[in-house]
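Reader: Please give me a close look at a single part of this protein, in one connected answer. I would like the setting first, and then the detail.

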Amino acid sequence: MSSEEMLYAQGAKIWVPHAELVWESATLEESYRKGAGFLKICTESGRLKEVKLKADGSDLPPLRNPAILVGQNDLTTLSYLHEPGVLHNLRVRFCERQIIYTYCGIILVAINPYAEMPLYGPSIIRAYRGHAMGDLEPHIFALAEEAYTKLERENCNLSIIVSGESGAGKTVSAKYAMRYFAAVGGSESETQVERKVLASSPIMEAFGNAKTTRNDNSSRFGKFTKLLFRNQMGVMYLQGATMHTYLLEKSRVVYQAQGERNYHIFYQLCAARSKYPELVLDHQDKFQFLNMGGAPEIERVSDVEQFNETVQAMTVLGFSIQQIADIVKILAGILHLGNIQVSKKFNEGSEEEDTDSCDIFHNDIHLQITGDLLRVSAEDLRRWLLMRKIESVNEYVLIPNSIEAAQAARDALAKHIYAKLFQYIVGVLNKSLHNGSKQCSFIGVLDIYGFETFEVNSFEQFCINYANEKLQQQFNQHVFKLEQEEYLKEGITWTMIDFYDNQPCIDLIESRLGVLDLLDEECRMPKGSDESWAGKLIGKCSKFPHFEKPRFGSTSFFIKHFSDTVEYDVNGFLEKNRDTVSKELTQVLSESNMSLVKQVMTLEEIDTLGVDPAKSSTLGGRVVISAGRKQQGNDTRRRVVPSKQHRKTVGSQFQESLASLISTLHATTPHYVRCIKPNDDKVAFKWETAKIIQQLRACGVLETVRISAAGFPSRWLYPDFYMRYQLLVYRSKLDKNDMKLSCRNIVMKWIQDEDKYRFGNTQIFFRAGQVAFLEQVRANLRKKYITIVQSVVRRFIYRRKFLRVQIVINGIQRHARGFLARQRVQKMREARAGLILSKYARGWLCRRRYLRLRHSISGIQTYARGMLARRKFHAMRDHYRAVQIQRFVRGALARRAYQKRRRNIIICQAAIRRFLARRKFKRMKAEAKTISHMENKYMGLENKIISMQQRIDELNRDNSNLKHKTSEISVLKMKLELKKTLEAEFKNVKAACQDKDKLIEALNKQLEAERDEKMQLLEENGHAQEEWLSQKQTWRQENEELRRQIDEIIDMAKNAEVSQRNQEDRMLAEIDNRELNEAYQRAIKDKEVIENENYMLKEELSRLTAGNFSLHGRKASNASSQNEDDVGYASAKNTLDINRPPDLLSKNYSYNDSTSLVVKLRAILEEEKQKHKNLQEQYIKLASRHKPTEDSFRPACRLTGRGP
């Protein structure tokens, strides 16, 4: 039986092609026979089908790997190295085990999970530190640790190449690799360096990343970061870093496809526009450069927070506040530049449109803002957007631009400014990251774009795929070199492995008369066009096997890349390759008054890979592409404006930059990370086979598998091989002391073809499929031996079981018969004895049951009666104590309420009696006055009295309205609530309400009496002239008595203030412990009490000072000097002016906002305290006046009582 027949036996698992799944698992229904033309299989979905085969069996379907090899960490350890085996192993690890990392030889395959994974914390870093690659599960940290260990051991330069298509996770993988190096290569004294290295990521992502249809954070440039290390006592410490960038996608600044965004920094700046009002920014939808894609938002990402993070990172990396402010001004200037409107221009004197020229309005707001932000002349900017200058030998000609040409010049200028700004930022980063010390060695992390193919592929995709061709060639050469070194180390003979060489494709692109050469030649032609270049390509490059011309048309061409055939559209190739911008526009920017704009526009483009960052004065990083231009001496800073004939194109610069990068990679030991995008929907752990297999082909994973399969991919150490396959030969041919000889005997017995294996120094090397063949032989032998052993063991077991059963049955029968006879006799004896025993037992049981029941009932009754008696006694005792407590409490409360009520009644009686006495005194004094005397003495006051009367009438009307609006609604309501509270405390609600109503009525009558008194005083002023002199001495004595009364009032006010303060303290203490509703009620009541006391004090002062003015101020010598606002009549202004806090009058409080209510009530209490303080100060002033009279006190007190 041949090895094919053994492997393709019935029940074997194979792979068959599938239209949607790419590969589908199936099982053989019949064994394969050599020469058969078909195979009967049953697919995994249960469908039976036949697979046609060639007669020689060369197209047999691939076999599935044994179950023991499924889910391996390293794809090259699979026995069957083919496309479906690799795909199935990755799917099992990713979907079933949710493991995103897998080795493929020297490659780390990383599949984007689109979910947060707890794999990158400090504990994980410590776990991988010091472990060799393969000791733990595959991880980006394991690859980084392998590189760092090699750096420490050999002190050589290394590189990590991260590639993959957009959205595969390249940027994140590179970020975590740099984080690992910063963690293991740092020290406590160098935390600032590590922080700067990690802080560069947010800046580069903001200025170089954008949202695409495939990725929300896609890097639109290539980046090679060198992490610089120095050796200190055998330990490598991180000392800095440098960054080199390639092929920034400048066209994204002015154009975005549907569903895409511009660079993140523009949207971040618009979101944070409130911080920079001088930029005159608006929502992002208002700017032409930002609203093309129609997708300005990114889910679960805040542009404001990202902007703050970017600014913070720039601060960490050495950007000054002025530099950051100038950078945002340049960014805002780019946005406003895109909004400059280019309009049609008409011929003078007619309405005919001039198609060869255009116009920009002088008052275009965005033109003016752009000029102000960039600090350039808006008129010069407008001029050179509308015109272009063509130079000849001795003169130049100005030619107007059409609308399309002007818009193209505007867009080219915007792209040029952003590219230069990006170059400047990278330069500042390099200057900050590199401390200038002597470089020992470095680890480079290359975050490069993967192979791209779209429906429409342009110049950017051509350059990207060209770079991937070069990197794939370098990768193939490195993999072949490692395989060769492994074979030489093991000392086995080997033959040249045939692998795919993409040098012909590279020659098509970069050789003489190749694609780039013809493109540069066409760019130098005065009338070169994309169509003519396409024609030259078809004529010159058809000889290359990797070039194909289109079947229809001549505006595209095909190139057969290593992963796929790509069609390129020639439209725009020449323009993007030239990358021209008007020299006059750049000159306008170079003359800017902003130093940063001038500095940015004079930057030179150099190849930072070939220049020492410490010596370069151009601030490092190349932005658009890293050109291979050689600089001599100090000419790197010299500003050079090359002519059109000698200026290098983008393609040639990128070719030189790529050659420099490849040279750098060849000089290092590379490690590879291939990032895979599992689906386009960004769904966590969703597997799309067709998309993944295309990426595996494009990133070189399958090529690695093919190279490994072409050699000896399966490798076993001698001890491991011996332990697993020792049963394949007889024991006589095994020797534990010489495992190599034993393994040789095993292999030579079952594998006849010597080309299928090699014996190395420490390992056995097998061709693809040989390990699976040995596994199949081992399984068959184990099945055969197990079957023989099982047959012998089963015969022995069943015979012994039969003999045991026979002996047991005979013994059982003998003992059973005797047992039955004895049992029958025993039953007869037991029946007789049972009758006798049951008679006595029943009697004894009944007596015992009765005695136990009686004893239990007696005990229960005893405890129950005692419990009930004790419970009744405790209830009676508690009731008695409660009655005694209530009696004493009620007595204390009644006495306290009685004392309080009695004190309040005495105060009210005293106030009323004092009020009645004063009113009687004033009435008697008014009767003693005569009108004629007052008219002679106070001439000229009649008009003032009339005006004051009008003012009093107005105040009366205002007070009347205030009484209806505030007194009836607010004051009376709060007083009524206070009375209700007093009624509840004294259990006499009705009597308290009546007392308060009487008090209110008395106060109203008092107000009316005061109004009548003032009118009578004005009418009877003449009657006081005759009795003035006789009453003067009496009034002086009365004033002394009034002063004594005022002192008593001040003492009462002080006592009231002390009691009020104590009451407020109690109220604030109760607010913290009681519910907010109770606090609200208590605060309202306390405030009402304070208002009433203030009101009573104002009334007392008004009555006491009513007559002082006539004695102190109404003299003939100064009567004429009084104006219409004489203070002597000011008391009439505030007679009925009752100040109420507007918050209590106009705002209804809600229990829902109880917290704010308590705060406001506390503020009102503080306001009332201030009023008391003002009253006290006024009393002191009145008491200190020289010879005070009753009339002199009255206006001052009324002015003091006036509200604010």
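**The annotated loop and its surroundings**

Author: In the protein, 70% of the contacts with a separation of 6 or more are between residues 24 or more positions apart; contact means heavy atoms within 4.5 Å. This is a predicted model, in which local features need pLDDT of at least 70, side-chain atom pairs count only at pLDDT 80 or more, and totals for chains, interfaces and linings use all residues. Residues are numbered from 1 along each chain as its sequence is written, and side-chain values use heavy atoms, with hydrogens and water left out.

The protein has 34 helices and 23 strands, both taken as DSSP runs numbered from the N terminus (helices H or I, at least four residues; strands E, at least two). Of its 1204 residues, 47% count as buried, that is, under 20% relative accessible area, with exposed over 50% and partly exposed in between (1.4 Å probe, protein chains only).

The part to look at is an annotated stretch. An unreviewed UniProt entry places the feature "binding site" at G164, E165, S166, G167, A168, G169, K170 and T171. UniProt positions follow the numbering used here, feature names are shortened, and annotations may be inferred rather than shown by experiment.

Take G167 from that list. G167 sits in the loop between β7 (158-163) and α5 (170-184). Its relative accessible area is 5%, so G167 is buried. Not counting residues up to four places away in sequence, G167 touches N112, Y114, R214, N215 and K677.

A168 belongs to the loop between β7 and α5 as well. With a relative accessibility of 3%, A168 counts as buried. Apart from its neighbours within four places in sequence, A168 is in contact with N112, C675, I676 and K677.

Most residues other than glycine have a negative phi. V280 is not a glycine, yet has a positive phi of about 55°. V280 is in the loop between α7 (264-271) and α8 (303-316), and at 45% relative accessibility V280 counts as partly exposed. R375 likewise has a positive phi, near 55°, and is a residue other than glycine. R375 lies in the loop between α10 (365-374) and α11 (378-386) and is partly exposed, with a relative accessible area of 45%.
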